[in-house]
Amino acid sequence: ISCCLDESKFKLLNGEIQIVVLGPSNKELEQGKATLMCVANKGFPSDWSLSWKTSDSSGSSSIRGEESRTPGVLQNDGLYSWSSTLTLTADQWGKVGSVTCEATQGSQSLVSEILRRDQCSQS
């Protein structure tokens, strides 16, 4: 069972790009780490990038984790998809208030998705 599997909250830009944030599984948390994944689809051209912002439960400070990204992948529909992961320790995840995955093109931030840790079920 995944914690924070929040696929229902897509943000759309011009009816095109879709972005979703997936949270860590309970099994992974039991192993002491928390990997979050951000997936963006239906973007064009290929020069989009994904970045992460985290804040603690008070919203006052950021929590740093290890980020990795994939370059844009051309899909059959002629549009691109991207993904990025953010890896935190389980302790860091316990202090997170919210995590934002932001898709940018050039210097403009165009679309983002916010996942709040309190949306996670601990089942």
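User: What counts as a disulfide here, and how many are there?
Analyst: A disulfide is a pair of cysteine sulfur atoms within 2.5 Å, and by this rule the count comes to one. This is a predicted model, in which local features need pLDDT of at least 70, side-chain atom pairs count only at pLDDT 80 or more, and totals for chains, interfaces and linings use all residues. Residues are numbered from 1 along each chain as its sequence is written, and side-chain values use heavy atoms, with hydrogens and water left out.

User: Which cysteines does the disulfide join?
Analyst: Cys38 is joined to Cys101, with an S to S distance of 2.0 Å. The link of Cys38 and Cys101 is left-handed, with -85 degrees about the S-S bond.

User: Which parts does that pair tie together?
Analyst: Cys38 lies in strand 2 (residues 33–43) and Cys101 in strand 7 (residues 96–105), so the pair ties together parts that are 63 residues apart in sequence. Strands (E, at least two residues) and helices (H or I, at least four) are DSSP runs, numbered from the N terminus.

User: Are Cys38 and Cys101 buried or exposed?
Analyst: Both Cys38 and Cys101 are buried. Buried means under 20% relative accessible area, exposed over 50%, and partly exposed in between, with a 1.4 Å probe and protein chains only.

User: Turning to aromatics, how many pairs are there?
Analyst: The count comes to three aromatic pairs. Rings of Phe, Tyr and Trp (its six-membered ring) pair if their centres lie within 6.5 Å; planes under 30 degrees apart count as stacked, over 60 as edge-to-face and the rest as tilted.

User: Why is the pair of Trp48 and Trp82 tilted?
Analyst: The ring centres of Trp48 and Trp82 are 6.1 Å apart and their planes stand at 45 degrees, so the pair is tilted. Trp48 lies in strand 3 (residues 48–56) and Trp82 in strand 6 (residues 80–89), so this pair ties together parts that are 34 residues apart in sequence.

User: Buried or exposed, those two?
Analyst: Trp48 is buried, at a relative accessible area of 9%, and Trp82 is buried, at 4%.

User: Which residues form the cluster?
Analyst: Ring pairs link Phe44, Trp48, Tyr80 and Trp82 into a cluster.

User: Now the helices: where is Leu29?
Analyst: Leu29 is in helix 1 (residues 26–30) and is buried, with a relative accessible area of 16%. The C-alpha atoms of Leu29 and Gly94 are separated by 9.6 Å, although these residues are 65 residues apart along the chain.

User: And where is Gly94?
Analyst: Gly94 is in helix 2 (residues 90–95). Gly94 counts as partly exposed, at 39% relative accessibility.
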